[in-house]
2 protein chains.
Amino acid sequence: MGYISFGERPQSLGRRKGADAAMTQAHITPSVSYSFSMRVRDLHRFGMLARIMAAIAEAEGDPGAIDLVRVTPKHKIRDITVNARNDEHARQIVEAVDKLRGVNVLQVSDRVFEMHQGGKIRIRNTVPVNTRDALSMAYTPGVARVCMAIAEEPHRDRELTIKKNAVAVVSDGSAVLGLGNIGPAAAMPVMEGKAMLFKEFADIDAYPICLDTTDPQEIILATRWIAPGFGAINLEDISAPRCFQIEEELKRELQIPVFHDDQHGTAVVVLAGLINALKITKQKLGALKIVIIGAGAAGVAVTKFLKVAGARQIICCDRQGILCRDRLPNLNFSKQWIVNNTNPQDVKGSIAHALVKAHVLIGVSGPGLVSSGMLRKMAKNPIVFAMANPVPEIMPEDAQKTARIIATGRSDYPNQINNVLGFPGIFRGALDSGATDINEPMKIAAAKAIAACITKKELSEDYIIPSVLNTEVVPRVARAVAAAAVRSGAAPRQL
Amino acid sequence: MGYISFGERPQSLGRRKGADAAMTQAHITPSVSYSFSMRVRDLHRFGMLARIMAAIAEAEGDPGAIDLVRVTPKHKIRDITVNARNDEHARQIVEAVDKLRGVNVLQVSDRVFEMHQGGKIRIRNTVPVNTRDALSMAYTPGVARVCMAIAEEPHRDRELTIKKNAVAVVSDGSAVLGLGNIGPAAAMPVMEGKAMLFKEFADIDAYPICLDTTDPQEIILATRWIAPGFGAINLEDISAPRCFQIEEELKRELQIPVFHDDQHGTAVVVLAGLINALKITKQKLGALKIVIIGAGAAGVAVTKFLKVAGARQIICCDRQGILCRDRLPNLNFSKQWIVNNTNPQDVKGSIAHALVKAHVLIGVSGPGLVSSGMLRKMAKNPIVFAMANPVPEIMPEDAQKTARIIATGRSDYPNQINNVLGFPGIFRGALDSGATDINEPMKIAAAKAIAACITKKELSEDYIIPSVLNTEVVPRVARAVAAAAVRSGAAPRQL
C-alpha cells in the first residue's frame, strides 16, 4: 500500500475547516488506530461515570466499551476504551479524566501496540507430534519416504508440502505505507499484517520475508533462492521504479506467480470500482478522458491496467504536473513509459489543467492535491477516486457538490477502494488452479468478479464497490481467476 | 540429521541373521514409518476377524488399531492399521488379507503420506481480523504507528513483531537425512517437520526456507538478506564441508544466533549421554581414548565439542580408516583440521585398529561398519554410541555381549541419542535471553542440563539419556542455556 501517507503526525488539534481549505489534521477524526484503554478508579458516587464520559466527550475523544473490572467498598474500577486522533490527543483525554475530583486513571494501554505485542502470526502444526509414532511419521525416519517421493516426482511437492498454499510476502521496507524507506525491520509489522489478511480472507499461509537489501538484483536473487518452498510470491512495499524491474525479472525467472500487490492489487480494485461507476453513468471506458494523479507503483500499474481494460485517453500527473514529452529527459524509465503510452495529444501543464473536461479522476498520490474548483472544470458526471490515505487528494465533503461518484481508500466513507478485495481471491485462484503466473486476463477476471458482487438493484453512487467484510468476494474472485488462468493458458486444464 | 541413512530400500524380506552378519534389511522391524490403513469388508461370520489378524501375522505385519466403520446386513467394514517393513511388504500383507475367502480390502491408505498431505504446518493469526476495527489496528492505518516505533527504536522489533520467537530453518537440500543431495523441494518435508518440532517442543515459530542454490556464498547471502525478521537461524541438512564455512561466516556477520543443528545439536546430545555414561563407568573424559567414526558434519562437530568438554585423546575415522598425517593431501579442510587437532600419536590404519584399547566409540557414519570382534579389542567397559540411522554401525544385539553401555539413534532400543533433546531448549534459551550467539558455554550448559534430567537413582546402563517425550528436558535446557548466555556475555544481563 505504497501511497498511504502517514507522513505528518499532527501535533495540535483543530476544528474542521471549510471546503477548499488545505488538508490538515482537522480532517482526521478519532480513530481506532489511536485507540487506548484506560483503567479508571472512581469513588462510589452518583453520576461519576456520567462525569467521566462528559470529560472524554469534552476532550473530543470517542468512547467505546466500558467494562466494570472490580467494585471495592469505596471505589469502582473500570476499563474504558477511547479512540483518539493521535498520541497527543490521547494524552489530553487521559489528563481530562484524571483531573476530575474523585477519579484516578490507574493505567493506560495502547490497544494497537497491545495487539502487535510479540507479533500477530504464529506457526501451528496440523497434527501433534507428541508420541513416538507421530514423530516417526512426521519426521525421521518416516519423512524420508516423502522426500524420496518428491525427489522422484518433483511436482508432488505441491501435494506433500505446504507449498501449494504458501505465499512469501517479500519486502525490502523501502516504501512502507506512506512512511518511505524505513527498512526491513520496521516493515515487519505491515508484512505480518499482510500475512494475517491472507490467512483471514483466503486461508492462505503467508510468511513475511523482510530483506536486508534494497539492491534490485539482490532482491531478485534472494527471492529466487527462497522460492522452492513457496507457491507464489507477493511483493510488497518496494519503492518505484525498482519494483517494476524486480517484478518483471522474477516473473520471467520463476515458475510460480509473482505479484506486486501495490501495483496490481490496487489496479484491479480500481477497475472493479470503475466498471460499476460506468454502469451508473452509462459510459464506456474507451470513450472517457481519465486523469491519474500519482506516478508511483500504483499510478503506473493503474495506467497500464486501464489501457489493457480498454481505456484510450489517459493523462498521468505527478506532483510536478502532467507527464509529457518535454519532461522526458528528467524522468525515470517507468515515467518515460507513461509519457510514451499515454497523453496522445501531449498535453502539458498542471493537474488543474489536466482535469479540464476529464470524466474520471484517479488519485494515488498525496493529501489535498485537488480542489473542488478543479472538479468543477471536469466533464459532466465526474467520477472521483481520491485514494491517498489517510487524507485523500480531496475530501469527500468537498467533492460531493461536484462529483457524481466518489471513492476513497478510507473505511469511514462510502466506496472504499481496498486491496483486501483483490489479492486474497487473486492468490487463492492462482494457487488453486496451479497457475504459473498471474496474467492480465486473470486480473481482468478478478476486477469483473469484484464488480459483480454488487447486483444491479444494489448499485448506487454510494455503493459501487463491495465491503471488505463481504465474505462472497474472495470465493467469487478466486473462481473467476482460476477459470481465467486455465482459459489463458497460465494453468493446466486439469490439475 | 545428516547421517541418517535411507539409501538401501530393501526389496525382499529376510529373517534376522546372527551376530556379526552384514547388516541387512532383516534388522528392520515393521515400523510406523511404513504404516498403512486398510479398509476391510468381511462377511458376518464367526471368526472372520481372527482369520484376518492371523493372515496379517502370517505375513509378518504388525497390526495396530482396529476400528469398526460400519455394519451392513451382510458385512462388517473395518479400518485396520498395520505397520510394515517397506512398501513391498505392505503390498504382501494387503494381498494376504484380500485373498481370504469372504474378505475384501476396499481401500489402502499410506498413513505417512496422509499425514504429509498439504504440508504439516500452517500460519495462525493471534487475533481475528474480521471487523473494521481489527483491520484498522492490525493493518492500515494503525500499523503505521508500530512501524514508526521500530524505525525510531530498532530494538523494539523484538517486542512488536514475531521476531523474538521466529527461527528460519534454512537448507539447500544437499544432505537431507541420509538421502544425499535431493534438492530444496524434496527437502521441504524435513524442514517442515523440523518446524513442527520447534513448535511442539519449545513453542517456537519456525519457518522452512529451502534454497535454490548450493553455492556457499549464495547460501550465506540469502540467509543474511532474509535475516531481519528472524530471531535465530537454524541451518539444516547442508553437506560437509560447505556447512562449516557457511555457519562460520553467518555467525560472524549476523547479530542473531546461527546454529547448524546437524553439527552442534548432535554434539550436545552426544556429550549429554557421555556425561551420564561416565558416571556409570566412573571415568573422566580427559583420560579416555575416544574413537569417532564418521567425519561429516556431525563427526567433525562431535570431535570439536568433545575437545572443548575436555577430551584429550580422540581418533577420527572415515570409511577409508583413521584420519592421519599421511592422508592430509587428499583431505578437505575440515578433515585436515581433524588430523591437525586429534590423533596426537598419528596412528594409522583401519577402524578396527583405531578401536584397540579405546574406551568410547561414537559412530555417526553408516550401517554395519563395526563388528563385535572389533568391540572385543576395546578397553574395559566399552561405551558404544552407534548412531547411524536406521541401521547403526553395530546392532545393539551384536554389541551387548561386549559393550557396557550402548546408545543408538533409534527409538526402539534404549538410550536414543536424538537431537530433539537439544535444539528446542537451546533455541528457546537463546531467544529468551536475547543472545546474539549460541556459543560453547551455552552448548556445554545444554549438555549438562540434558544429562541432569536423569537422577543418580534412575541412572543405569540402559538409561543414560532422557526420553524425547520427557517434558522436563526443554525447560531445563532453556534455563541453563539462557543463564550461560548471560554468564558468557552472549546475552545482556537484563532484558
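User: What is the bridge partner of B:Phe36 in β4(B)?

Analyst: That partner is B:Asp110. Before going on, this is a predicted model, so local features need pLDDT of at least 70 and side-chain atom pairs count only at pLDDT 80 or more, while totals for chains, interfaces and linings use all residues. Residues are numbered from 1 along each chain as its sequence is written, chains are lettered from A and ligands numbered from 1 in the order in which they are written, and side-chain values use heavy atoms, with hydrogens and water left out.

User: How do you know that strand β1 of chain B and β4(B) pair?

Analyst: Two strands pair if DSSP finds at least two bridges between them. Strand β1 (residues 31-43) of chain B and β4(B) have 7 bridges, in the antiparallel sense, so they pair by that rule. The names come from DSSP runs: helices are H or I with at least four residues, strands are E with at least two, and numbering starts from the N terminus.

User: What makes β2 and β4 of chain B edge strands?

Analyst: They belong to an open sheet of 4 strands in chain B, in the order β2-β3-β1-β4 and with antiparallel pairing. β2 (62-71) and β4 (103-110) each pair on one side only. On average, neighbouring strands of this sheet are turned by 20° against each other, direction ignored.

User: Why is B:Thr81 called buried?

Analyst: Buried means under 20% relative accessible area, exposed over 50%, and partly exposed in between, using a 1.4 Å probe and protein chains only. B:Thr81 has 14%, so it counts as buried. Its place is in strand β3 (residues 75-84) of chain B. Leaving aside neighbours within four places in sequence, B:Thr81 is in contact (heavy atoms within 4.5 Å) with residues including B:Ser35, B:Phe36 and B:Arg111.

User: And why does B:Ala144 count as buried?

Analyst: B:Ala144 has a relative accessible area of 1%, so the word buried applies here too. You'll find B:Ala144 in helix α5 (residues 143-152) of chain B.

User: What makes strand β5 of chain B largely enclosed?

Analyst: 4 of the 5 residues of β5 (residues 121-125) of chain B are buried, so the rest of the structure largely encloses that strand. β5(B) also pairs with strand β5 (residues 121-125) of chain A, in the antiparallel sense over 5 bridges. In that pairing, A:Ile121 stands opposite B:Asn125.

User: How are chains A and B related?

Analyst: A rotation of 180° with 0.0 Å of shift along its axis superposes chain A on chain B, with an RMSD of 0.1 Å. That is how a two-fold axis relates its copies. The same surface serves both copies, as 100% of the contact residues of chain A recur in chain B. The superposition is by least squares on the C-alpha atoms of residues with pLDDT of at least 70 in both.

User: Why are α11(B) and α17(B) called roughly perpendicular?

Analyst: The axes of helix α11 (residues 297-309) and helix α17 (residues 440-451) of chain B cross at roughly 85° and come within 11 Å. Angles of 65 to 115 degrees count as roughly perpendicular, under 35 as roughly parallel, over 145 as roughly antiparallel and the rest as oblique. α11(B) and α17(B) are therefore roughly perpendicular to each other. Axes here are lines fitted to C-alpha atoms, for helices over the stretch in contact, and angles run from 0 to 180 degrees between N-to-C directions.
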